[in-house]
Amino acid sequence: MADNLGTSPDEVQFRFRDDEPVDHGTVTVDSALEQTNANAVRIEPGDDARLLLAFLDRLALVEVNFPSFTDGRGYSAARILREAGYTGELRAVGEVLIDQLSHMRRCGFDSFAPDKRLDEEDAARAFATWESVYQRAADTQMPGRRTIADKRHGA
Amino acid sequence: MYKYDEYDQAMVDARVAEFRDQARRRMEGKLTEDQFKPLRLMNGLYLQLHAYMLRVAIPYGTLNSRQMEALADIAEKYDRGYGHFTTRQNIQYNWIRLEDAADILADLARHEMHAIQTSGNCIRNISSDHFAGAAADEVVDPRPYAELLRQWSSFHPEFTHLPRKFKFCVIAAEKDRAAMRLHDIGIRIVKRDGAVGAQFYVGGGMGRTPMIAPLIRDFVAVDQLITYAEAALRVYNRYGRRDNKYKARIKILVHELGAAEYTRQVEEEFAHLLSVGVEPPREELARIAEFFSNPPFRHPSESWDLEQLQSMAAGDPSFRWDDGFGLWVRRNTHQHRAPGYVSAIISLKPVGGIPGDATADQMRILAKLAREYSFDELRVMHTQNLLLPHVRIADLPAIWTALDAAGLAAPNMDTIEDIIACPGLDYCSLANARSIPLAQRISERFAASGRTEVVGELKLKISGCINACGHHHAGHIGILGVDRKGKENFQLSLGGSEAEDVSLAKITGPGFDEDGVVAAVETVTDVYLGARADGERFIDTYRRIGMEPFKEALYGG
């Protein structure tokens, strides 16, 4: 266990899951490739999320770091994991701001550990921004969430 | 024309509410300016030299009379009584107060309009052929595909923080009237063996590193269009450069990887996304396409054709093809697919005027003309002009009379007076030089000498800085304003084209001051007139004789 990075459960401000959170830190993608027992990984913007696909079922936590909120690579990483069937916790960490929450949620993030705690009311409003959505994404893979086009055509 | 349903309306309403909330949090200090900036940009709000500028999206350049009137109302209520139509088929207001922005967005939403993603590092307004649905040479109307892309790209959760801005263009004819291959993604809808599909050109653009987009896929089945676009964007979002703003556009990625390697990665992602299933249901495209069915054109026997107009002209001794109405018909109308109809171009380039500007009164007059004569429809052209897409030839005299009275009948489409110019240093905080006064001087000079007609088709484009908003790389003649030791200096370039014969202009040599560049443009047209063979446009002559004769005339032997 060369590295033990990342956020602890008490840094998580919003969590949309009922299971027990992983109680230890994460390792880098490189370390995870070497350590066959690692179950918590941290993805940095330049990392290829697809490297994790070979051992997705042993992962319980993937945290995706947003060192700057303007770097959108983490959104693709999140969707790639969800598209591959990852069902563990997907945590957005770093510069996670109010106005990114709704998009992050749609890309499959289900927990959020912002560097700076967010205003609860503003965040609640942000999570509820879109009553309907145009695109298929990680959320529409889940039951109960359909796109506008699907609703229009009764699909 | 497309009409919002309850869902579309709810989306723009949600956006207005979201922006109002963002503005509130900014004013309460909960958002820093750095945090607020990308949010306001994604709602079209720029900070310029003197005030905020608001850019309103006009999807694929199509709008109805009511929307044009709403734009006029906004110009009067919140700006100084005018607006500026842009090369991306949008409209910009240059004198906006931040406090008013949310109210303006609400006014827009009431008329099925918005400013969503008209700026910022996200997918921008989808542009298209301004003659869509009217042109005689189109395979299909490209707008349903553009609308499908509009919905897909609006608030796309994965592609809201791209490395850089991202521009789509969709056309459906061999002729390219929308600079398709100078977009991040240019799509041409084609038919192969009766099946409709899309050619994808990826990695074009202007800016400081102009590039012509290579073809990366010759045929994407139409029911996989969104999936392919999503794959192309995902590769860019993951691997586009983020270390240097000036190397962050997709053209650099495609260039650095090579078109073949970029294509390979897109194909891999495409195969994966096909298995995930991100395409909207098939019926959605059909639903959208119904909004773009033909307006009820009159039977040809009830209408005139151009020959009848000619015979009317022949029977009228005062009628002249080289003046007034006749000249306008000759220059400013375009062949329509319905017999008895043409598309009528409204030049926003009056001699000595500001390219692309229209007053609120002019917008209202155009709205009225569209209602009376063009099935309620107007278009914005990327050349910063407007268009009545479907008018009866028999109605042209009445339309021209009304336009002429409103100062909107300049008969100069595609001539040297029809200049594309960016806002330049008169408005823009990025500019190094003024573009507008230069455009004014050149059009005045050529109009006064009567040379406009002699020179014929000549596309002159002026940018006030290297970002190339005035498309100077794609001008038959391009002018780029730069700063040289604190003074405005203008580089001249020749040989560009944004059309199906797309090419990038080459710099002639050392730059000029403002007087110098006006004279240089005249010198360049002298060389052309001296060398042109029968029927050659400026660009044809340039391509035949090359740069040397122009250089010699400009700088001496």
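## A first look at chain B

Let's start with a pair of helices in chain B: α7 (residues 250–257) and α8 (residues 259–276) pack at an angle of about 105 degrees, with their axes 5 Å apart. An angle from 65 to 115 degrees counts as roughly perpendicular, and α7(B) and α8(B) are therefore roughly perpendicular to each other. On the α7(B) side of this contact sit L253(B), V254(B) and L257(B), and they meet A259(B), E261(B) and Y262(B) of α8(B). Sorted by class, the residues of this contact come out as 5 nonpolar, no polar and 1 charged. Keep in mind while you look around that this is a predicted model.

Now zoom out to the whole chain. Chain B has 18 helices and 20 strands. Its radius of gyration is 23 Å, close to the 24 Å that the globule rule gives for 557 residues, so chain B is as compact as a globular protein of that length. If you follow the C-alpha trace along its principal axes, chain B spans about 65 × 60 × 55 Å. Buried residues account for 56% of the 557 residues in chain B. Take the contacts in chain B between residues at least 6 apart in sequence: 67% of them join residues at least 24 apart.

One is an open sheet of 5 strands in chain B, ordered β6-β7-β8-β9-β10, with mixed pairing. Its edges are β6 (127–128) and β10 (215–221) of chain B, each with a single partner strand, so one side of each has no neighbour in the sheet. Helix α6(B) packs on this sheet, touching β8, β9 and β10 of chain B, and its direction makes about 15 degrees with that of β9(B).

The other open sheet, also in chain B, has 5 strands in the order β16-β17-β18-β19-β20, and its pairing is mixed. Here β16 (420–421) and β20 (506–507) of chain B stand at the edges with a single partner strand each, so one side of each is left without a neighbour in the sheet. Helix α16 (residues 514–531) of chain B lies across β18 and β19 (487–494), running at about 15 degrees to β19(B).

| Strands (chain B) | Direction | Bridges |
|---|---|---|
| β8 (residues 185–192) and β9 (residues 195–202) | antiparallel | 8 bridges |
| β17 (residues 460–463) and β18 (residues 477–484) | parallel | 4 bridges |

K191(B) stands opposite V196(B) in β9(B), while I462(B) has I479(B) in β18(B) as its bridge partner.

Finally, look at where the two chains meet: 34 residues of chain B are in contact with 31 residues of chain A. On the chain B side, the elements giving two or more residues are α1 (6–27), α2 (33–41), α5 (143–153), α6 (225–239) and α9 (282–290). With 8 residues, α1(B) gives the most to this side. By class, the side of chain B that touches chain A has 14 nonpolar, 9 polar and 11 charged residues. Helix α6(B), then, turns up both on a sheet and at the contact with chain A.

Leaving aside residues up to four places away in sequence, Y7(B) touches S132(A) and I148(A). Y7(B) has 17 C-beta neighbours inside 10 Å, so it counts as partly exposed.

Key. Residues are numbered from 1 along each chain as its sequence is written. Chains are lettered from A and ligands numbered from 1 in the order in which they are written. This is a predicted model: local features need pLDDT of at least 70, side-chain atom pairs count only at pLDDT 80 or more; totals for chains, interfaces and linings use all residues. Two strands pair if DSSP finds at least two bridges between them. Two residues are in contact if their C-beta atoms, placed from the backbone, lie within 7 Å. Axes are lines fitted to C-alpha atoms, for helices over the stretch in contact, and angles run from 0 to 180 degrees between N-to-C directions. Ala, Val, Leu, Ile, Met, Phe, Trp, Tyr, Cys and Pro count as nonpolar, Asp, Glu, Lys and Arg as charged, and the others, Gly among them, as polar. The radius of gyration is taken over C-alpha atoms; the globule rule is 2.2 Å times the number of residues to the power 0.38. A residue is buried if 20 or more other C-beta atoms lie within 10 Å of its own, exposed if 12 or fewer, and partly exposed in between; C-beta atoms are placed from the backbone. Angles under 35 degrees count as roughly parallel, over 145 as roughly antiparallel, 65 to 115 as roughly perpendicular and the rest as oblique.
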